Amino acid sequence: MERRGGFWAFCMVKAKVLVLAGEGLTLAIAQRTGHEFGNVKIAVDCGLVLFSAMLSFSLLGRITGIREGTVASAVLVGMVVRVLQTISSHRAPARAPPSARLQNNASLHLRP
């Protein structure tokens, strides 16, 4: 599993510039089902951890390479993405560039 924080996963998906395999699968499922990306991220990451645990147990006879940090990361990254999505959806709209604001203000003051 890729080791990144929720902030970077959020930035990659929000910018729509480069999406790696883990987020690409999650984004495709979220877009297809209409569910929120953060919730789908939690489900996909937990599913991948479960799959790797089953594969490790079936091939090696014990679970190797998965500990509490892996499970916490699978859950917490999606939660951080959900929080960041909520914050970004409630932020104020972008302001006009300063030159446009100056022109608008100048036209208001120049009226007779």
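How many helices and how many strands does the protein chain have? The protein chain has 5 helices and 0 strands. Both are DSSP runs numbered from the N terminus (helices: H or I, at least four residues; strands: E, at least two). Along the sequence, the pattern reads α-α-α-α-α.

The model is predicted: local features need pLDDT of at least 70, side-chain atom pairs count only at pLDDT 80 or more, and totals for chains, interfaces and linings use all residues. Residues are numbered from 1 along each chain as its sequence is written, and side-chain values use heavy atoms, with hydrogens and water left out.

Of the 112 residues in the protein chain, 25% are buried. Buried means under 20% relative accessible area, exposed over 50%, and partly exposed in between (1.4 Å probe, protein chains only).

Helix α2 spans residues 21-33 and has 13 residues. From first C-alpha to last, α2 reaches 18 Å, close to the 18 Å expected at 1.5 Å a residue. That expected span is 1.5 Å times one less than the number of residues. Glu23, Thr26, Leu27 and Ala30 are buried in α2. They cover an arc of only 100° around the axis, so they lie on the same side of α2. The arc is that of the directions from the helix axis to the C-beta atoms. Ala21 and Arg32 are exposed on the other side of α2. Just after α2, Gly34 takes a positive phi of about 85°.

Among the contacts in the protein chain with a separation of 6 or more, 52% come from residues 24 or more positions apart. Contact means heavy atoms within 4.5 Å.
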